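Here is a friendly tour of one protein model. Have a look at the sequence and structure below, then read on.

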Amino acid sequence: MEPGSSGDGPGEGAAAPRPTGRQRLAAGLWPPRATRAQLTVAVLLFVLGLGLAVQVRSHSDSGALRGARQEDLVRILDELDNRTQRLEDEKQDLVDQRTGLENSSDQAEEARKQTREKEQQLGILAGTTAAEGPGITLSVHDARHTVAADMLLDTVQELRAAGAEAIQVNGVRVVADTDFTGTEGHIEVDGRAVTQPYRFTAIGRPQDLEPALNIPGGVVQTLEKEQATATVTGSEKVVVDALRPAKQPGYARSSSR
């Protein structure tokens, strides 16, 4: 044995210490060595997670409807059904007009006829022409003077949503810009005082108008909560004869050429 060497102590020829299990695990995980298959799976999982997040957000956005009362859902569904039916009716009317123009031997006379009919329709909507047809009458007796102006406005909106084509209240024609003001017992419609009983006359399908007023949480139930009495009567013929003077627009002009 040469001087300076020792068989027991460490030296240049000594073997390196064996790594522990934790060190071998760390060396196997880092740096990462992902294969193409692993990358593909990761991308697919990311896309799947993103889709689930979007779906959860979409469901959360509809929470207002999910938490609505049953009577509110019935009202919303009823209004959607009525609007869908009215749109279908309007579509059919336009198809009939086009067919009439195409099949008429005198297209000029047919066009004039349709123009007159359109003028009458616009007059009814503007309140410058009297109208009659099937509809309902709603009488509201407010002996305690608890019915506010906004309740009568809600009644008009409910009738419009149910398809009413012409409405008048106590001899005042209701049109697009009609307003209800005043306090309980002293209500004005377009600046004209109206007294109870408040009488609504509306032309439209009684099968649509009457249920719209009587649905749970609707106009009749709301008025009864205010100690008022509301009576709805359907008829095959009601008359809306209150008229409004024709007004020329101050600023709006036709954009047709």
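The report covers the ground rules, the sheet and its helices, and then the pockets.

## Ground rules

This is a predicted model, in which local features need pLDDT of at least 70, side-chain atom pairs count only at pLDDT 80 or more, and totals for chains, interfaces and linings use all residues. Residues are numbered from 1 along each chain as its sequence is written, and side-chain values use heavy atoms, leaving out hydrogens and water.

## The sheet and its helices

Five strands form an open sheet in the order E3-E2-E7-E1-E8, with antiparallel pairing. Strands E3 (172-174) and E8 (229-240) each have a single partner strand, so one side of each is left without a neighbour in the sheet. Helices (H or I, at least four residues) and strands (E, at least two) are DSSP runs, numbered from the N terminus, and two strands pair if DSSP finds at least two bridges between them.

Helix H6 (residues 149-161) lies across E1, E2, E3 and E7, at about 15° to E7. Contact here means heavy atoms within 4.5 Å; axes are lines fitted to C-alpha atoms, for helices over the stretch in contact, and angles run from 0 to 180 degrees between N-to-C directions.

## The largest pocket

The largest pocket is lined by 31 residues, with Glu90, Leu125, Gly163, Ala164 and Glu165 nearest its centre. H4 gives the most to this lining, with eight residues. A pocket is an open set of points on a 1 Å grid over the protein atoms alone, where a 1.4 Å probe fits, with protein on both sides within 12 Å along at least five of seven lines; lining residues have an atom within 4 Å of a point.
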